[in-house]
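Q: I would like to learn how to read the features of a protein model, step by step. Could you take me through one, giving the general idea before each case?

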Amino acid sequence: MSLEIFKNKVLPVKNKLYRFALGFIKNEDEAKDVVQEVFIKIWDKKEDLEVIENIEAWCMRVTRNLALDKLKSKHKKYTDPLNDGFEKSDDNNQTPYRTTEISDTMSRVNLFIESLPDKQRQIIKLRDIEGYSYKEISEMVGVDMNQVKVNLFRSRKAIKENLLNINAYGLR
């Protein structure tokens, strides 16, 4: 791609890219940074742009991905603690046995999460570990919100069943 093509095809969409990034990030300065990063990335990939049919759509996708990366890196929300709904023990009464039991359970939960299908694993991590909303997850993963909820329900159910089987029968 030449400088002329960059000026004629990429620069005219800068305001659209800015508005698109601002819709994700909600911060004008950071949206400008994202657009600048998009232009740098486009310029670095200028040799590959010859095969791209719709440069504007590709620019929008790059903007979306960089904006979501920025969101992901700048905020980590925490969901409810895992021990909500379970009996809480006083930290002073923590025994080495209880600490080991909790550690083992969390290790098993992590193993179960890693054994889930890719989409379910990605969604449960984004929701239950990273703390993103359903809407944010649907934008990141590229599925509608109902699919996010279904995959989250199925992954939680599978983990719960695996934990119950281990606790009831010692099976894995």
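This is a predicted model: local features need pLDDT of at least 70, side-chain atom pairs count only at pLDDT 80 or more; totals for chains, interfaces and linings use all residues.

Q: Which residues of the largest nonpolar core touch the most other members?

A: A nonpolar core is read as a set of buried residues joined through side-chain atoms. In this structure the largest such core has 39 residues, and those that touch the most other members are L17, I42 and I159.

Q: Which elements give two or more residues to this core, and which gives the most?

A: The elements with two or more residues in this core are α1 (3–10), α2 (14–25), α3 (28–44), α4 (55–74), α5 (96–115), α6 (118–129), α7 (134–141) and α8 (145–169). The most comes from α4, which gives eight residues.

Q: How many aromatic pairs does the structure hold, and how should I read the angle between the planes of F6 and F39?

A: As a general idea, planes over 60 degrees apart count as edge-to-face. The structure holds two aromatic pairs. In the pair of F6 and F39 the ring centres are 5.9 Å apart and the planes stand at 75 degrees, so this pair is edge-to-face. Because F6 lies in helix α1 and F39 in helix α3, the pair ties together parts that are 33 residues apart in sequence. F6 also pairs with W43, with ring centres 5.4 Å apart and planes at 80 degrees, so this pair is edge-to-face as well. W43 lies in helix α3, so its pair with F6 of helix α1 ties together parts that are 37 residues apart in sequence. Taken as ring pairs, these contacts link F6, F39 and W43 into a cluster.

Q: Is E136 buried or exposed, and what lies 2.9 Å from its side chain?

A: E136, which is placed in helix α7, has a relative accessible area of 17% and is therefore buried. A polar atom of its side chain lies 2.9 Å from the backbone nitrogen of S133.

Q: What lines the second largest pocket?

A: Rolling a probe the size of a water molecule over the atoms shows where empty space is left. In the second largest pocket that space is about 190 Å³, and the lining consists of N65, L68, D69, K72, Q122, K125, L126 and M140. Both α4 and α6 give two or more residues to this lining, the largest share, four residues, coming from α4.

Key:
Residues are numbered from 1 along each chain as its sequence is written. Side-chain values use heavy atoms; hydrogens and water are left out. A nonpolar core is a set of buried Ala, Val, Leu, Ile, Met, Phe, Trp, Tyr and Cys residues joined through side-chain atoms within 4.5 Å. Buried means under 20% relative accessible area, exposed over 50%, partly exposed in between (1.4 Å probe, protein chains only). On a 1 Å grid over the protein atoms alone, a cavity is a set of points where a 1.4 Å probe fits but cannot get out, and a pocket is an open set with protein on both sides within 12 Å along at least five of seven lines; lining residues have an atom within 4 Å of a point. Grid points are joined across faces, edges and corners, and a volume is the space filled by probe spheres set on the points. A polar contact is a pair of N or O atoms within 3.5 Å; within protein, one must be able to donate a hydrogen and the other to accept it, and residues adjacent in sequence count only if both atoms are side-chain atoms. Rings of Phe, Tyr and Trp (its six-membered ring) pair if their centres lie within 6.5 Å; planes under 30 degrees apart count as stacked, over 60 as edge-to-face and the rest as tilted.
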